Amino acid sequence: MSEIREIKNGRLYFDGCDTTELVKQYGSPIYVMSYTAIMDRVNELKRDFLDKYPGSRVAYASKAFCTVGMYEILKKNGICIDIVSGGELYVAKKAGFPAEMIEFNGNNKLPSEIDDAVSYGVGRFILDGINEAELIDEACKKYGKKAKIMVRITPGVAASTHDYIITGKKDSKFGIPLEEETFFGVMDKIMKYDTLEFEGLHMHIGSQLFEYDAYIKSLDALMDWVKKIYEKYGVATKEVNFGGGFGATYINEERKPYSFFLEPLMKRLKERADEIGIPVPLASIEPGRSMVCEAGLTLYTVGQMKEIKGIREYLAIDGGMYENMRVALYQAEYDGLIANKADEPKTRKVSVTGKCCESGDILINDLMVCDSVERGDILAIFSTGAYGYSMASNYNNNPVPGVVLVKEGQSEWLVKPETYEQIAQNQVHCTLI
Ligand code: LLP
């Protein structure tokens, strides 16, 4: 990744593009995504997972960064996608994404979303509750189709990460609890409906993880139920989905390569399948953050500077919590750099604040910047490629910034910036007033 970010003539370059020039050309704030950095991850996944374990699948978790352009990159490279809403399906259709390469996750898929997905021919449904079996069956009958089903289990393992992004612990709104009556209640339904084809089990234990032991523990719990399924129905589970959650680097955390997690998981999968006496199930994963996080940065123009003597100095930028909610929501930490003064010594401590009317609208609590920083300079905040654009809002009626794709010195819009007109387009004059 280091060559993607470089400093030349005192300026920050990203995938060969001078970031200061990007702001001149496209304005600010803007999200910038590096094609080369995304492809680094795609190629790593191909080399260390897809090519190494024939039949395995990667389904990129769209929620991290859902755009037509991202889907086009994935489609070209044989990477499937995981969607969780009709909105993500809509963008996938717009990108011409093949239906069979889509899997549908989510703890409360709406009947209309299920209908839409079945009619499009979505490849896999990750079942997250008993009623979904009925809804999918109904839609399949309506369209004369069959649906492949994976069952999401709650392995009961608490991975170590922020509380809001743990999903595998026992008390969770996600997955089917591993308890005989509930689990087999769901399985019986799947086996009963001939519109549904049981493919396998799915887990996702949390996000931003750096160790593999919680994955192994969860896989062990999952495989216990693969065994029970085999004993009860004589059915060998065809596929096991390990979910996503592979950590990314924001500041000092050291990102681990995919193989760090996947090698022990694949080894354990084989051991457990051999023990049960079934063929080794195909493996699939759903990485989101790790594929796009470091591939993105956000560029801002420095505005108001305000010093509270003896306490702190605020540096305000033209973005804020509406385009990056992660700091307010998870106390996430980021690093940044004054992009047009990139090699000046960093001697001045500032708090980077947004333009929203909210005291918690801070993007970086303490950032060291160069002494000469002033209004009009360009600030880059790094590692914003995941869950930045996708979680943006219109708070204070701020338009969602555009996304620029950069590739070896070239650039173009991937998503155009929202306009005031678009924000207000559904505002109508009400007759009751
Ligand atoms: N699969 C499932 C079923 C998921 O729920 C998620 C994320 C993923 C895959 C992808 O996980 P990843 O590889 O990105 O860690 N908004 C939060 C993250 C929420 C993650 C929700 N589920 C954040 O900004 O940190």
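## Starting with Asp220

Is Asp220 buried or exposed? Asp220 turns out to be buried, with a relative accessible area of 19%. Keep in mind that you're looking at a predicted model.

Asp220 has a partner: it pairs up with Arg268 in a salt bridge, where the closest N and O atoms sit 3.0 Å apart. Asp220 belongs to helix α8 (residues 213-233) and Arg268 to helix α9 (residues 258-276), so this pair ties together parts that are 48 residues apart in sequence. Arg268 itself is partly exposed, at a relative accessible area of 23%.

A network of salt bridges links Asp220, Asp224, Lys267, Arg268, Glu271, Arg272 and Glu275. Across the structure as a whole, you'll find 34 salt bridges. Side chains of opposite charge can pair when their charged atoms come close.

## A buried pair between loops

Now hop over to Asp377 and Lys341, whose side chains meet in a salt bridge of 2.8 Å, N to O. Here the pair links distant parts of the chain, 36 residues apart. Asp377 sits in the loop between β18 (362-370) and β19 (378-382), while Lys341 is in the loop between β16 (336-338) and β17 (346-353). Both Asp377 and Lys341 are buried.

## A partly exposed pair

Last stop: Glu6 and Lys8. They form a salt bridge too, with 4.0 Å between the closest N and O atoms. Glu6 is partly exposed, with a relative accessible area of 31%, and Lys8 is partly exposed as well, at 36%.

Key. Residues numbered from 1 in each chain as written. Predicted model: local features only at pLDDT ≥ 70, side-chain atom pairs only at ≥ 80, totals over all residues. Heavy atoms only, no water. Buried < 20%, exposed > 50% of the residue type's maximum accessible area, 1.4 Å probe, protein only. Helix = DSSP H or I, 4+ residues; strand = E, 2+ residues; numbered from the N terminus.
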